[in-house]
Amino acid sequence: MSIGKYIKDVFSGLWSLVVGLKRTLYYFTHHKEIITEQYPETKPVLPERFKGEVVMPHDEKNEHRCTGCTACELACPNGTIKVITKFDITPEGKKKKAIDKLVYRLELCTMCNLCIEACPSDAIKMAQTFEHSVYDRSQLNKVLNNPGSKIMDGVE
Amino acid sequence: MWSFSHIADLLHEWLSKTFNPTFTLIIEMVLAGVAVIGLFAALGLVLVIMERKVSAWIQIRLGPNRVGPKGMFQSLADTLKLLVKEGMTPDGADKFLFNLAPFIAMIVAMLLMAPIAFANNFQFWDMNIGVLYISAISSISVISILMAGWASNNKYSLMGAMRSGAQIVSYELSAGLSVLSVVVLTGSLSLNDIIHSQENGWWIFKGHLPIWISFITFIIAVTAETNRAPFDLAEAESELTAGFHTEYSGMKFALFFLAEYVNVFIVCAIGATLFLGGWMPFHIGHLQAFNHVMDYIPSSVWFFGKTFFLIFVIMWFRWTFPRLRIDQLLNLEWKYLLPISMINLLLVTLMAIMGWHF
Amino acid sequence: MNGSTIIFYLLAALTIVCGVLSVSTRQIFRAAIYLIFSLIGIAGIYFWLDYQFIAAVQVVVYVGGIVVLIIFSIFLTQQAGELLPKQKIGRKIFSVLAVFCGFALTMVQVYQHAFYENDGEAVKPVVANIGKQMLSTKQGGYALPFEVVSILLLAALVGCIVIAISKKEETA
């Protein structure tokens with residue numbers, strides 16, 4: 001090892017240390033850079049694509065857009081969704097397929113978004129809730145359609 | 001003026017009026033011991049919360065913020081927790097040495113306090129070999145680590161102790177050489193003389209480049225000697241769980257923990273004394289007005305200010321740099337620090353002989 | 001008996017007890033630790049005599065240097081925690097006799113030596129004086145022992161390098 005390289009090594013090593021120290025001093029003195037969110041007091045700012053659970057939106061007349069086609073059930077890779085269908089009688093006297101219950105088991109869900117993409121009528125979507133802890137795991141089996149809800153007009 | 005030396009003088013006068021000389025000496029010794037223990041406790045509390053806050057802010061976090069205002073009582077709560085925890089001794093351990101090791105660490109830290117000048121005319125023992133005494137006593141501290149590592153009967157502890165021993169023994173050399181450069185310029189080993197030699201300017205300003213080099217070497221070497229990151233191979237969490245104090249719990253662990261922080265304080269105090277003028281206020285040439293303003297700040301404030309600045313620098317190192325491997329560690333010492341500080345010592349000697357410093 | 005004497009006897013007791021323990025214990029690591037305490041006791045006696053420089057050098061060289069090296073060699077060679085074998089009674093008697101002879105020799109020397117009062121001014125133990133004394137070639141100077149010791153150290157260093165150097169023809 002030549003003496004020139006030795007001296008160069010020492011100085012480049014020291015310089016790299018100084019660069020690191022400058023960075024940390026910047027963070028030390030700039031408290032507005034702090035990224036910690038004090039969660040229970042301030043709710044976190046979630047990114048747009050954060051997925052927390054599957055929900056079925058209802059409008060003010062307690063109507064949803066689900067036709068009971070079971071596309072979501074088929075698309076789900078781990079059997080999270082179970083669609084239980086029934087047959088409604090339309091005013092014309094015809095039988096029409098509708099959902100009785102859309103059972104969603106949160107404990108199995110991986111938030112992969114495949115069910116939402118599979119749904120032809122945009123009946124379900126991903127919500128941004130994340131505080132899912134419960135005392136008993138049976139509470140994680142959710143029925144997504146509200147009791148007494150029915151399908152929105154014009155959705156086939 | 002209520003300075004430390006004034007209070008000490010008053011106390012001494014009152015004691016010698018009330019008791020006979022032997023009793024006065026004994027009471028003063030006890031008082032000094034209590035003062036040192038009190039200082040240790042205070043340092044432990046302050047330095048732990050300081051380390052946690054500094055680390056948090058450097059890593060863009062908040063740090064402890066629940067106990068007390070802004071989390072300032074966090075270390076008090078931690079101390080309480082450690083006090084009530086059970087102190088376990090593992091079954092296969094050498095019980096006597098296992099229980100002795102943390103006390104050795106503490107006693108060494110206490111002995112190191114003796115020659116440090118905390119304020120103008122306020123020092124436990126102004127011995128004429130202060131610097132040599134410090135390097136002598138601090139070489140005992142490795143014994144407590146080796147003892148703890150061996151007595152724990154645990155392979156992680158033993159590995160940590162071995163690493164720490166190799167590290168301390170090798171870094172003592174460059175720390176000693178960088179301290180010697182100040183001794184060469186001053187011509188005295190007494191800390192009091194060294195401080196008084198900096199009346200017209202601290203060595204870091206008077207000593208040109210060579211003193212800067214030895215200051216940097218000193219800081220690196222003492223960081224390694226106190227086993228702190230980036231040289232914390234002795235307790236490398238990711239490899240050795242906690243190194244030599246893996247098996248320690250409760251109060252015995254707290255003593256090791258406290259000894260680490262007290263050692264950091266001591267080496268920083270020594271660094272401040274040697275290079276930054278100890279309790280000497282900051283003076284600029286012939287600016288009389290400015291110098292008078294600086295003189296109004298008490299000498300103890302100057303001492304603790306400088307010491308805590310150096311402590312901050314060492315904490316700053318810890319939270320910036322990644323840990324070195326053992327071969328890198330020994331390369332740094334034997335291939336870089338030691339040759340550089342030897343050549344630097346020659347330069348300083350030349351400077352002292354020719355009188356090139358101010 | 002004043003406080004100073006009490007402190008002397010405490011230090012002497014620490015030195016002797018730890019010295020005896022370090023040769024009588026059967027755990028090799030403990031022997032090293034007792035040796036440290038014995039050496040620290042001697043350093044304490046130097047401090048008690050106000051020979052601060054000698055005391056600090058005692059701690060640096062023996063405690064910080066030699067015993068740490070001894071501990072390292074124990075770590076690297078000995079089996080952890082195993083007791084050393086018991087010594088034969090003949091050996092024990094022989095070592096006690098050897099210790100007694102050494103002690104007797106020292107004591108005879110001490111009692112026969114005529115200690116004379118030194119009326120000269122004591123040299124102040126500041127660094128400049130220590131350094132001058134170390135390099136002085138006059139009466140009472142230490143230049144010759146200093147050089148002899150440095151030759152010894154040089155020989156040790158060269159020996160280390162010779163042992164540690166890798167022999168190329170053997171490895172190839």
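In this predicted model, the area buried between chain C and chain B, that is, the accessible area (1.4 Å probe) that two parts lose on being put together, summed over both, is about 2400 Å², and carbon and sulfur atoms give 83% of that area. The elements that give two or more residues to the side of chain C that touches chain B are α2 (28-48) and α3 (52-77) of chain C, where helices (H or I, at least four residues) and strands (E, at least two) are DSSP runs, numbered from the N terminus. With 14 residues, α3(C) gives the most to this side of chain C. Sorted by class, the side of chain C that touches chain B holds 22 nonpolar, four polar and one charged residues; here Ala, Val, Leu, Ile, Met, Phe, Trp, Tyr, Cys and Pro count as nonpolar, Asp, Glu, Lys and Arg as charged, and the others, Gly among them, as polar.

In terms of contact, defined as heavy atoms within 4.5 Å, 27 residues of chain C meet 28 residues of chain B. Across this interface the rule for a salt bridge (a side-chain nitrogen of Lys or Arg within 4 Å of a carboxyl oxygen of Asp or Glu) finds zero cases between chain C and chain B. Two pairs of chains are in contact, and of these chains B and C share the most contacts, whereas no contact joins chain A and chain C, whose closest C-alpha atoms lie 19 Å apart.

Within chain C, the domain assignment, whose bounds come from an automatic or database source, gives domain 1 (1-83), domain 2 (87-114) and domain 3 (123-165). The C-alpha centres of domain 1 and domain 2 of chain C are 20 Å apart.

In chain A, strand β3 (residues 81-89) runs antiparallel to strand β4 (residues 95-105), and nine bridges join them; two strands are taken to pair if DSSP finds at least two bridges between them. A:Lys82 stands opposite A:Val103 in β4(A). The two strands β3(A) and β4(A) form a hairpin with five residues between them, and in the turn A:Gly93 has a positive phi of about 90°. On pairing with strand β6 (residues 141-143) of chain A, β4(A) again runs in the antiparallel sense, over three bridges, with A:Tyr104 opposite A:Lys142 in β6(A).

Residues are numbered from 1 along each chain as its sequence is written, and chains are lettered from A and ligands numbered from 1 in the order in which they are written. Local features need pLDDT of at least 70, side-chain atom pairs count only at pLDDT 80 or more, and totals for chains, interfaces and linings use all residues, while side-chain values use heavy atoms, with hydrogens and water left out.
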